[in-house]
Amino acid sequence: MTDLHRLSHLDQLESEAIYILREVAAQFERPALLFSGGKDSICLVHLALKAFRPGKFPFPLVHIDTGHNFDEALKFRDDLAERTGEKLVVRYVQDSIDQGKAVEEKGKFPSRNAIQAVTLLDTIAEFKFDACIGGARRDEEKARAKERIFSVRDEFGSWDPKLQRPELWNIYNGKIHVGENVRVFPISNWTELDVWEYIRKEKIELPSLYFSHQREIVWREDLVFPVSKFISLDNTDKVETRTVRFRTVGDMTCTAAVESEANTIDDIIREIQVSRTTERGSRLDDKRSEAAMEDRKKGGYF
Amino acid sequence: MDILRFITAGSVDDGKSTLIGRLLYDSKSIFQDQLEAIEKAGQVNGQINLALLTDGLKAEREQGITIDIAYKYFSTPKRKFIIADAPGHVQYTRNMVTGASNSDLAIILIDARKGVIEQTYRHSYIVSLLRIPYVVVCINKMDLVDFSEEVFLNIQKQYLEFAKDLDLKSIHFLPISALNGDNVVDLSSSMPWWKGSSLLGFLEEIELRTEEDSPAPRFPVQNVIRPQTTEYHDYRGYAGQIRSGHFTVGDSITVLPSGLKSKIKAIDTYAGSVNTAYAPMSVTIRLEDEIDVSRGDMLVVSGKEPITSQDLEAHICWMDQKVMTPGSKYLLRQTTNAVKASIRSLEYRVETSTHEKKEQASLGLNEIGKVTIRTAKPVAYDPYSQIRGTGSFVLVDEGTNQTVAAGMLL
């Protein structure tokens with residue numbers, strides 16, 4: 001064999017992710033792929049096509065809709081489900097609030113990010129999902145850097161970082177007790193740049209939000225926030241129109257935009273290569289405390 | 001661009017987290033918001049505390065120690081790097097084994113003031129047992145020994161003396177100061193006697209060997225893909241990741257452990273069929289004959305068969321609070337295979353800091369020993385020393401579902 005056959009880093013990461021997805025299919029009875037409409041979960045769907053075609057996916061796509069999503073992301077989600085012919089399950093945080101199971105935050109920057117976990121856990125119970133595949137990456141956040149690829153959660157969805165199973169070579173242990181579930185992260189070892197380079201290489205379609213466009217915004221804690229019916233404005237807020245794009249797509253209440261002229265994948269990759277802030281730097285929910293993500297994960301968050 | 005996966009090992013306070021922080025910082029892989037966050041958290045000796053970049057858990061930041069592995073990523077134009085930052089404490093040996101199992105290279109840190117200590121022996125033993133191809137011994141804190149070449153050479157001599165008994169193929173030495181950044185990313189002006197490259201330079205240049213070059217093609221079957229649609233009515237593909245070597249359409253195939261034979265009809269990927277596929281590609285293989293193949297079976301090229309046996313010999317690292325006693329039964333997971341297994345005997349335990357073999361009745365948490373195992377069904381495998389991908393296994397306690405041991409077949 002010659003060097004010509006060496007897999008590039010993207011091919012290696014892809015092969016590892018396909019292997020992990022196939023392990024989920026083999027080791028669990030009722031898995032689900034948690035789909036948010038963001039670039040990472042869109043890549044997961046693409047990887048699932050590679051893992052299971054010409055067969056169907058051995059799991060549905062599950063979206064926990066907070067009710068604060070961007071319209072563009074929802075439309076993309078529905079189009080994707082139709083295009084692939086795969087099953088899409090949507091459950092609504094609003095239902096959990098209406099049932100009194102989740103309580104909406106008050107204040108100037110209310111977010112439904114934390115209470116998503118309530119709806120997620122209910123959905124897991126409803127379908128008896130034993131594995132939930134997600135697009136989290138270890139480079140996103142320091143608590144995530146600590147997480148295994150197969151991450152066991154108890155019946156409360158809780159993650160105990162001190163009691164993680166050893167995870168050796170690429171032998172994954174998906175054995176669990178009834179009521180527990182496993183969060184599986186096939187793209188753990190990818191960085192933000194890897195995801196973008198993969199999107200470029202595979203010509204994966206994305207919601208228009210990721211590309212530069214004109215939008216009404218307000219400034220909050222030095223971050224550019226999209227104006228929407230979900231955020232309350234008062235007379236200290238000054239609405240401006242700016243050319244922006246989103247580097248990460250979550251709720252309209254917690255995802256900040258970045259000022260950017262990048263409207264092709266090549267532009268975006270160039271922009272990320274010179275960026276001096278992390279992707280999560282535009283997520284208000286992570287800035288709440290030093291251990292914000294770790295605490296949410298202990299509470300059943302994705 | 002390819003990927004180099006490496007682990008950092010060393011005793012507590014040898015500066016592992018600082019070294020990683022320094023690698024990320026000097027290679028400009030740290031983002032402004034991450035820097036601001038650690039700057040806010042306080043300083044050490046008037047410098048920002050780079051160790052805070054890796055200690056991601058509250059308990060770690062509170063105690064100032066690393067409990068579990070953190071994975072860190074950075075790249076240079078030449079290579080993508082994945083760092084497994086493993087804890088140094090003896091009680092977290094299992095976490096070090098976890099990190100080492102996927103590494104191509106190990107950095108072993110030695111405090112220049114202390115020289116080779118017990119933890120150096122222990123970590124080097126694990127690196128040797130797990131057959132990590134490359135070892136880089138970084139003699140750290142050179143600033144505290146006046147950047148003395150003599151100190152460096154003495155430690156190098158001391159290390160080589162004890163490493164004689166180990167199976168370490170490639171050992172390199174580097175004098176560094178992680179705190180100040182000497183020889184980490186940039187060469188140091190304080191050590192003009194050092195003629196080698198910096199640590200990063202070394203990591204970028206080292207040539208990786210992979211199991212793709214192995215003469216023994218191995219393909220453990222993960223799933224059987226049967227769409228049963230009109231378009232793919234008779235499609236029956238075996239999905240999996242090639243562990244070693246390569247497969248080509250037309251190759252004669254033996255299925256293990258059954259011994260059934262066929263030929264490769266096609267190798268499919270989502271992008272289309274290929275004529276040859278090689279490790280570590282994930283592909284779907286179709287055979288010419290309708291034979292019984294299921295998950296856990298292994299496709300190999302006929303004439304290049306691995307060992308198939310129900311009696312196994314292995315080194316294991318015990319990872320559970322509950323001790324292992326011979327006679328106990330576990331689920332053995334090897335490649336995509338899961339089979340019931342019973343530990344027949346514990347031949348000996350290894351004192352990892354001295355390599356002595358000791359007789360003992362049971363194996364406790366973080367202990368390493370040699371065992372014999374009997375499995376309920378035959379297992380197809382290669383010695384770990386030849387192919388890591390088919391010679392490794394874990395044991396699962398079927399009561400608790402915990403992964404209780406890492407094993408390397410002999």
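1. Two strands count as paired if DSSP finds at least two bridges between them. The points below apply this to chain B of a predicted model.

2. Strand S14 (residues 261-269) of chain B pairs with S17(B) in the antiparallel sense, over four bridges. In this part of the sheet, Ala266(B) stands opposite Arg286(B) of S17(B).

3. S17(B) also has an antiparallel pairing with strand S11 (residues 237-241) of chain B, again over four bridges. Here Gly240(B) is the residue opposite Val283(B) in S17(B).

4. How much of S17(B) is buried? Five of its six residues are, so the strand is largely enclosed by the rest of the structure.

5. Glu288(B) belongs to the loop that runs between strand S17 (282-287) and strand S18 (298-301) of chain B. Its relative accessibility is 47%; because buried means under 20% and exposed over 50%, Glu288(B) counts as partly exposed.

6. Glu288(B) is also one of the residues in a surface patch of negative charge, where Asp234(B), Asp289(B) and Glu290(B) gather with it.

7. A separate point concerns Trp194(B), which lies in the loop between strand S8 (170-175) and helix H7 (199-205) of chain B. With a relative accessible area of 18%, Trp194(B) is buried, since the cut-off for that class is under 20%. From Trp194(B) to Val137(B) the C-alpha to C-alpha distance is 15 Å, and the two residues are 57 apart in sequence.

Definitions and conventions: Residues are numbered from 1 along each chain as its sequence is written. Chains are lettered from A and ligands numbered from 1 in the order in which they are written. This is a predicted model: local features need pLDDT of at least 70, side-chain atom pairs count only at pLDDT 80 or more; totals for chains, interfaces and linings use all residues. Side-chain values use heavy atoms; hydrogens and water are left out. Patches are made of residues with over 30% relative accessible area and no salt bridge: like charges are joined within 9 Å, nonpolar side chains (Val, Leu, Ile, Met, Phe, Trp, Tyr) within 5 Å. Accessible areas come from the Shrake-Rupley method with a 1.4 Å probe; for residues, only the protein chains shown count as cover. A salt bridge is a side-chain nitrogen of Lys or Arg within 4 Å of a carboxyl oxygen of Asp or Glu. Lys and Arg count as positive and Asp and Glu as negative; His and the chain ends are not counted. The place of a charge is taken as NZ of Lys, CZ of Arg, CG of Asp or CD of Glu. Helices (H or I, at least four residues) and strands (E, at least two) are DSSP runs, numbered from the N terminus. Buried means under 20% relative accessible area, exposed over 50%, partly exposed in between (1.4 Å probe, protein chains only).
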